[in-house]
Amino acid sequence: MARLSDPVTILKGVGPAKAKLFENLNIFTLRDLICHFPRGYEDRTRLVPIEKLQPDAPACFRAMVMNTPRTTHIRKGLDLTKVQVADHSGRLNLTFFNNKFAAEQLQYGKEYIFYGAVSGDFIGYNMTNPVFEAMDSPPVTTRRILPIYPLTAGLSNQVMLKTVRQAMAVCDTPAEILPEEVRQKYGILPADRAYTAIHEPGSMTEAELAKKRLIFEEFFVFSAGLALMRTARAEKKTEAYEDTDLTAFYGALPFTLTGAQQRAIAEILKDFRKGAPMNRLVQGDVGSGKTMVAAAAAYCAIRNGRQAALMAPTEILAEQHYQSLGRLLSPLGIRTELLTGSMTVREKRLVRERIASGEVQLAVGTHALLSDATQFDNLGVVITDEQHRFGVGQRAKLSAKGSDPHLLVMSATPIPRTLALLMYGDLDVSILDERPPGREDVDTFLVGESYRPRINAFIRKQVAEGHQCFIVCPAVEENEDLSIKAATVWAETLQKTVFPDLRIALLHGQMKGAEKEEAMASFARGEADVMVATTVIEVGVDVPNATLMVIEDADRFGLSQLHQLRGRVGRGKAKSFCILTSHNKNQETLQRLKALCKTTDGFKIAEEDLKLRGPGDFFGSRQSGLPAFRVADLSFDLTTLKEAQQASAEWIDAYGASDLPEAIALRERIGDLFLRAEGTMN
Ligand code: ADP
Ligand code: MG
């Protein structure tokens, strides 16, 4: 027997070249292979009479070959084989391109099982390149439920299928972690049956049950892991802060805090007085003023003789925080410094020395702050901004820095309550549900292509008034789907034909990290009028002078994502606008987009998104900050998720510390999951 941790190369037919291909899919071991789940299935079990075949809907049918296949040589490299088949209900002409196998195998008068789709474009039925098997051959491509795997170039579904099957044959499936009691209560398949059925289901119902089990399992592990983390941290002790008087800090602010900001700060101070490390999430819509809450927390820690660290996901965001917090806190006698990856080695070393000596009281930076080279003298609180870009593994790593510092994570992604409970199970949550006064809503419009001249005129008007505009496209480069706008092409078109006199900048995810930062920083300095971008601009950056956000093919984005994008404007004093374009005619889609025009409440929008698109979107997206879920790509429903959460809570209560085999296996799996999360960070 092989072990789950053995490399895929122990399998027959998997040499170094093929192993490389598997690596592209993050498959290294037999476990990875067995946990490489199909993204869907083709039900080829049902045989359909020829007359019932529907255009473009592939199906299996049994038919007799009615003539000897005729192959014509059309030109070099193109041979056509034509043959007619029939069953009791009708006849069908089959055409094969360059298929010697079909030409040789199909025999006049014999019956075969075919699988393919009729094309509806012709008078009378026709089918191109069906797969077929003789009646007496074992069912491989017909008469079965065929799993369809996520693939990579050079690796076919058939090869994947065979390799997975081989792995299943040579080693045991991953250990059972769900006790029988839980499986019974929630109607969950045992592990070995689920792993077998997900790859080789006897029926679609069985495939569904297997999928449910694996999704349940993954969320069960995740949620149990967070619960264990939470318990472990709650048992830790730190010195309680004695001085939580923030009068001087409030006095230095140019405005009064909103009620929500005050509530969040009060919750943080209460945590500080408790004598156990804080683990708090501040969730607030874009513009709700999270930075001030962070500043208050940092100030309080510093007042108590500790250091504070504020971490941002990008250099430019770190730079902005450094500027604004430095300005705010230096009159209070606080020394703030910046540490980012792009600083010179010498600069970094000097800053690190001052951090280590305790001279720097507030360190602002990117994940350079997290590296082992950065040692603090007396770290009291770690704050991460836009936490959805950090993630669970990093949270764990952060707590390990210094002696259990307080942890404050800030996120602008409104997550529906039901999901927040699961995703942030290890954190207490403060919500900023109020906007600073005097901030107007961003007026949002949905328009069709006929408005193009008006959109362009509006862009021109904003620029003429000294403002800047964002244009977001769903794709980076031109691709198969010609109907959607690609940032690179659109930027060029605008520059050449529409706005030759304006300064157009480009920003997309395929640019290098430093290039992206520079493009964004340059735009923030006002060196371009219009920035054409992909969704990379989603996070955090403050360009108060930007007043217009145009989102092309808005139907391509989720509502929450659109809301995030819209949050890039309306950050200054001037009235701001968001224009959504779409040539989608689907009423439901348009309704969805119109809902966005009517509300600016991020939580309402997130709930709506959840209803419309299911939870997969929240978990699957790279924005979630969650560990890489193996099932995240499979669609699933909220019920399974809630059940898994409930089950894990019950389980922890009853068996959290037990040494039943399932409990031990579960703790191992939790370790793996969070380790994996850490591995995929940055
Ligand atoms: P976000 O929650 O998106 O991080 P910020 O902290 O960047 O929001 O705040 C957005 C803007 O609102 C900043 O310019 C900030 O100075 C300002 N701001 C924050 N709190 C208040 C307040 N209570 N009154 C007025 N303006 C505020
Ligand atoms: Mg912010």
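Let's start with how α10 and α11 cross: α10 passes α11 in a right-handed crossing. Keep in mind, everyone, that this is a predicted model. The angle between α10 and helix α11, which covers residues 315–329, is about 55°, and their axes are 11 Å apart. That angle is what makes α10 oblique to α11.

Who touches whom here? On the α10 side we have Thr291, Met292, Ala295 and Tyr299, and they meet His321, Leu325, Leu328 and Leu329 of α11. Sorted by class, this contact has six nonpolar residues, two polar ones and no charged ones.

Now let's turn to the other neighbour, α9. Helix α9 spans residues 259–274 and packs against helix α10, residues 290–303, at an angle of about 30°, with the axes 10 Å apart. The two helices are therefore roughly parallel to each other. The crossing of α9 past α10 is right-handed. From α9, the contact uses Gln261, Ala264, Ile265, Ile268, Leu269 and Phe272, while α10 brings Met292, Val293, Ala296, Ala297 and Cys300. By class that gives 10 nonpolar residues, one polar and no charged. If you have the structure open, have a look at Met292: this residue of α10 is in the contact with α9, and Met292 is in the contact with α11 too.

Next, the ligand. Which residues come nearest to ligand 1? There are 16 residues around ligand 1, and the nearest are Thr256, Gln261, Gly287, Lys290 and Thr291. Two of those names have come up already: Gln261 belongs to the α9 side of the contact with α10, and Thr291 sits on the α10 side of the contact with α11.

Let me go through some polar contacts with ligand 1. Lysine 290 has a polar side-chain atom 2.7 Å from an oxygen atom of the ligand. For glutamine 261, a polar side-chain atom lies 2.9 Å from a nitrogen atom of ligand 1. Serine 288 takes part through its backbone, with an N or O atom 3.4 Å from an oxygen atom of ligand 1.

One last pair, further along the chain. Helix α18, residues 559–566, packs with helix α19, residues 587–598, at about 35°, and the axes are 11 Å apart. Their crossing is right-handed. Here Leu559, Leu562, His563 and Arg566 of α18 meet Arg592, Leu593 and Leu596 of α19. What classes do these residues fall into? Four are nonpolar, one is polar and two are charged.

Methods. Residues numbered from 1 in each chain as written. Chains lettered and ligands numbered in written order. Predicted model: local features only at pLDDT ≥ 70, side-chain atom pairs only at ≥ 80, totals over all residues. Heavy atoms only, no water. Axes fitted to C-alpha atoms, helices over the stretch in contact; angles between N-to-C directions. Helix = DSSP H or I, 4+ residues; strand = E, 2+ residues; numbered from the N terminus. Parallel < 35°, antiparallel > 145°, perpendicular 65-115°, else oblique. Left-handed = near helix turned anticlockwise from the far one by under 90°. Contact = heavy atoms within 4.5 Å. Nonpolar A, V, L, I, M, F, W, Y, C, P; charged D, E, K, R; others polar. Near = heavy atom within 4 Å. Polar contact = N/O pair within 3.5 Å; in protein donor to acceptor, adjacent residues only side chain to side chain.
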